[in-house]
Amino acid sequence: MESKTVNPERIRKVAQSVIGLPTLPTVISKMLQMIDSKRASADTLARLISTDQALTAKLLKLANSAYYGYSREISTVNMAIIVLGFNTVKDMGLWLSVFDAFKNSNSGAVGFDAVKFWEHSAGCGVASRMLAKNTGSRYAGEAFVAGLLHDMGKMILNQYFAPEMAESLKLAQEAEMDIDAAEMEVLGVSHGQIGAWLAEKWNLPDIICDTVKHHHDPWNASSDPAFVAHITVADTLCHLTQTGDSARNAPPKYDERLWNIFADALVPIDEIDLESLQSDFLVEYGKSEAYSSVIKTDGLNGIM
């Protein structure tokens, strides 16, 4: 097959398609700015969220779920925010926005299972949060979103470039290639770069953009390679435990540079820890199942 990696026209076409995607909803965008500015209060955030009926309904549903086990019904947005916390509210808002942006992804590339993909994404969010909290990462609050969104470039390919996505999947399978290499062969650009373009369009924090772009090569990340490496390991844990399916025919191959990043940053994660981390993740994922289902079930109704 003739390599298309140097075809600027294909790359331009993909980039322009990403630029043409919808922006984040105004309420979500304002909510993210408010929370990230550290100036938000439960009252001001509640007033903003209350202007969006769908977001309000899901917020109340989540706050009243068995996962939180509150002793009485939560009927106000203000109280829901207090129970859930700002980071969970932010996570949920972004999750719903991503679902909405790709709600037609069920009719995409042959060989791509959108439902299993979302399960993988949710699992990676949980694993990323677990790892970042356990190691005291300064970006622990961003970990869930970073894990959730790490593969969103694949959703763009699935929805807007289904033939090329299908060709990449077929090539990866038949030639026993990594999916990233197959994407470069077919499109000239990887799902990481494509996802990063969308993250930048959405004005997400630099650490999220960098993670989406470099989740398979954290040693090239510019913001915080050690944090990005957390998401790399989280992705691996989901593959090893068969949590969902990211359309990859085998777990990503380990690279010694990954473990060197952790060693250089004095982060206590090494390849020898993968077995115990799998067990820890499955426990954490089980705890989060009720939380995930409140958001995931409603969101998946739009893509099933």
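A: In this predicted model, helix 14 runs over residues 225-240, where a helix is a DSSP run of H or I of at least four residues, numbered from the N terminus. Its 16 residues reach 22 Å from the first C-alpha to the last, close to the 22 Å expected at 1.5 Å a residue, the expected span being 1.5 Å times one less than the number of residues. Because 14 of these 16 residues are buried, helix 14 is largely enclosed by the rest of the structure (buried: under 20% relative accessible area with a 1.4 Å probe, protein chains only). After helix 14 comes Gln-242, with a positive phi near 55°.

Residues are numbered from 1 along each chain. Local features need pLDDT of at least 70, whereas totals for linings use all residues.

The largest cavity has a volume of about 60 Å³, and its lining includes Leu-32, Lys-90, Glu-142 and Ile-208. Helix 2 (26-36), helix 6 (86-101) and helix 8 (140-149) each give two or more residues to this lining, and helix 8 gives the most, with three. The second largest cavity, of about 30 Å³, is lined by residues among them Val-98, Phe-117, Trp-118, Leu-148 and Met-155. Here helix 7 (114-135), helix 8 and helix 9 (152-160) are the elements that give two or more residues, with helix 7 giving the most, at three residues.

Notes
Predicted model: local features only at pLDDT ≥ 70, side-chain atom pairs only at ≥ 80, totals over all residues. Heavy atoms only, no water. Buried < 20%, exposed > 50% of the residue type's maximum accessible area, 1.4 Å probe, protein only. 1 Å grid on protein atoms, 1.4 Å probe; cavity = no way out; pocket = protein on both sides within 12 Å on 5 of 7 lines; lining within 4 Å. Points joined across faces, edges and corners; volume = space filled by probe spheres on them.
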